[in-house]
Amino acid sequence: MTVNQLQETPLLNPLLDFAGLPRFDAIVPSDVQPAISQLLDHCRALVARLSSDAVAATWADFAAPLGDGFEQLSRAWGIVGHVHSVNDVPAWRDAYNGMLPEVSRFYAEVGQNVKLFAKYKAIAGSAEYAGLSAAQRRVIENELRDFRLSGAELAEDSKPRFQAISEELAQLSAKFSENLLDTTNAFAELVTDEAELAGLPDDARQAAREAAEQEGKSGWKFTLHMPSYLPVMQYADSRRLRAAMYRAYATRAAEFGAVELDNTPLIRRILELRREQAQMLGYANFAEVSLVPKMAESVPQVLCFLRDLAVRARPFAEKDVADLRAFARDQLALATMEPWDIGYVSEKLLQARYAFSEQEVKQYFTEDKVLAGLFSVIESLFGVHLKPDCAPVWHEDVRFFRIETPAGELVGQFYLDLYARPTKRGGAWMDEAIGRRRIRQESLATSSKGIQRPVAYLNCNFSRPIGERDGKARPAIFTHDEVSTLFHETGHGLHHLLTQVDELGVAGIHGVEWDAVELPSQFMENYCWEWRVLEGMTGHIDTGQPLPRALFDKMLAAKNFQSGLQTLRQVEFSLFDLLLHSDYDPAGERSVLELLADVRREVAVLVPPEWHRFPNSFAHIFAGGYGAGYYSYKWAEVLSADCYGAFEDAGNPFDQATGRRFLSEILSVGGSRSAIDSFRAFRGREPQVDALLRHSGMITA
């Protein structure tokens, strides 16, 4: 079946309608199996045709048609995966898991297809190669690398085992994420004694009251979802309530609950399979495989980076902890500061030291003002316009926007799903709905001048609007941390949406080294600390008044509050991840928890209780793309801080010339060249750690 024939069946199956935006108003779980099966058949037929000797090994005859031919499968399966993440009800979970092995098997087959591999090698060795664009050459380089990492060079009798591992790993990762969501949803703490609510902000109380009322119960219902959990840990005077919530959160998806929801055996199996695959490819461990497509050159290099950062941060972290313990003892009568006290004591110390609370600040960050401020930053920096737009959505809370040039030409579009829901996986993330590419045949309504315009999903888990005022729903209000999270995910979105690369394989976030992909996201967070931004993006929920300058100055003074502690925490996670995938033998006697304990003895200044099961909820490395790559957050933070330093050097965070250079040298080039080359092009030199240490307040006088 041809591409055009697939597009002629939209009324039969909306997942096969590629003429525009995803039809979330029409897609149902029963569409998944027939649509994805049809696309898999189409792609297999395409592979058979393009791998034949009759097709020349050239960009136009082979590479371009293959990339174009896989795009619709990728897009349709991306829609299914997205809905599975934001609406994880049984029917969608079954539909996703039902086709996951088939999709995994197909990509494993393609990755090991020696005929396809040979054609890419032939292009790389041909006279044509030098005449290809830089983006096209980069696509070829990446394909050759990925074929090798997919086992294309394995002996034929080894390939079935490699494929089977890939399929099982995909299923295990999905199960890990589902177990985490299910155990998060399974717990609720119903408080019936109002005295236990002492210290909690009014909005947290009201949300808990409404949650209980929705179930026909009296009292206040607290859950492990962030908008409910964090206020309890930060503000609740009730030590009993904090301890109960902490234990439930810390033991999710572990052996203390339902056996079928325990992630412990999944962790061991994932590690075993990753190690086996790595050794099949000739590597000593999975970490070595993980680093092949990254900026970092070796495991020892990353270990050195992390340990050096730990040494620099430790004196500051030790002081942070000493201050906490002294304050808990002297001001709060807590002779022993338990883990469930840390967030509470930290907030009290923050208030005492800087004379403000995060709850006070939160009243100024109303949703519409925050979005207007965010959009203003983007427009000022990059010379584009953002406007509300219309599209079918998967939930009534979802909003949709478009980005245009000053002349009104469409650049890209994005969905914004801000609020937490029980059926939505935790955290915040950006994902691709449609990628930018050059259209080589008559095609989509999303194309303009032969270019398919990119579309992104931006997902968060913030508190929804609570209560009414004058008969109308009050707007949602966000903490400053949540505002930073929104700016962070938008940075990822801009990397995807503002690309000017027309080859899908290296457009936007495609082909960007994983340890550089956080650069734009962390860069955008800096604007949450600029007075010019906050003055314009705040309005008190009751008075509408902007954030007072005096309160901002207090926030700024407190900006690096516990930065040493936070840095060591990230180093701890990163070191654990890297050693788990390099120095740890899952078949050995030492447990994952014992390795974690070793890491904590090396770098941590605060150690959780022995029953804490952090690995069981470490979805980044077991259900995301961060396995042996969690260090990327700190690695990219060096790059992002240094890039922001260019604006500081210019004396203006909105310097237009610097903003346009950041757009042209970082955002617009996507993965069409190496991240270090993009950084050098923007900064004119190698990265330096100084800006990160300065921004974090970790430079000793």
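Ala-253 is buried, because its relative accessible area is 1%. The cut-offs here are under 20% for buried, over 50% for exposed, and in between for partly exposed, with a 1.4 Å probe and protein chains only. The model is predicted, so local features need pLDDT of at least 70 and side-chain atom pairs count only at pLDDT 80 or more, while totals for chains, interfaces and linings use all residues. Residues are numbered from 1 along each chain as its sequence is written, and side-chain values use heavy atoms, with hydrogens and water left out.

Ala-253 sits in the loop between α10 (239–250) and α11 (264–280). Helices (H or I, at least four residues) and strands (E, at least two) are DSSP runs, numbered from the N terminus. Most residues other than glycine have a negative phi. Ala-253 is not a glycine, yet its phi is positive, at about 50 degrees. Ala-355 also has a positive phi, near 60 degrees, and is a residue other than glycine. Ala-355 belongs to the loop between α14 and α15. Its relative accessible area is 46%, so Ala-355 is partly exposed.

## Helices α9 and α14

Two packed helices are described by the angle between their axes and the distance between the axes. For α9 and helix α14 (residues 342–354), the angle is about 65 degrees and the axes are 6 Å apart. Axes are lines fitted to C-alpha atoms, for helices over the stretch in contact, and angles run from 0 to 180 degrees between N-to-C directions.

Which residues meet where these helices pack? On the α9 side they are Met-233, Gln-234 and Tyr-235, and on the α14 side Gly-343, Tyr-344, Glu-347 and Gln-351. Contact means heavy atoms within 4.5 Å. By class, this contact has three nonpolar, three polar and one charged residues. In this scheme Ala, Val, Leu, Ile, Met, Phe, Trp, Tyr, Cys and Pro count as nonpolar, Asp, Glu, Lys and Arg as charged, and the others, Gly among them, as polar.

## Two glutamines

Gln-163 lies in helix α7. Its relative accessibility is 17%, so Gln-163 counts as buried. Leaving out residues up to four places away in sequence, Gln-163 touches Arg-105, Ala-108, Glu-109 and Gln-112.

Gln-33 lies in helix α2 (residues 32–50). Gln-33 counts as partly exposed because its relative accessibility is 47%. From Gln-33 to Arg-325 there are 292 residues in sequence and 56 Å in space, C-alpha to C-alpha.

## Nonpolar cores

A nonpolar core is a set of buried Ala, Val, Leu, Ile, Met, Phe, Trp, Tyr and Cys residues joined through side-chain atoms within 4.5 Å. The largest core has 134 residues, and Phe-487, Tyr-527 and Phe-662 touch the most other members. Helix α13 (residues 299–331) gives this core its largest share, 13 residues. A second, separate core of 62 residues includes Ala-35, Trp-59, Ala-64 and Phe-400.

What does Phe-487 touch, not counting residues up to four places away in sequence? Its contacts are Leu-374, Val-377, Ser-521, Met-524, Glu-525, Tyr-527, Cys-528, Val-533 and Met-537.

## Cavities and a pocket

On a 1 Å grid over the protein atoms alone, a cavity is a set of points where a 1.4 Å probe fits but cannot get out, and a pocket is an open set with protein on both sides within 12 Å along at least five of seven lines; lining residues have an atom within 4 Å of a point. Grid points are joined across faces, edges and corners, and a volume is the space filled by probe spheres set on the points. The count is four cavities of 30 Å³ or more. The largest cavity holds about 100 Å³. It is lined by 14 residues, and His-495, Val-512, Ile-666, Ala-675 and Ser-678 lie nearest its centre. Its lining has eight nonpolar, four polar and two charged residues. The second largest cavity has a volume of about 60 Å³, and its lining has seven nonpolar, one polar and three charged residues.

The second largest pocket has about 920 Å³ of space. Of its 39 lining residues, Ala-207, Ala-211, Pro-227, Arg-464 and Ile-466 are the closest to the centre. Helix α8 supplies the largest share of this lining, nine residues. By class, the lining of the second largest pocket has 20 nonpolar, 10 polar and nine charged residues.
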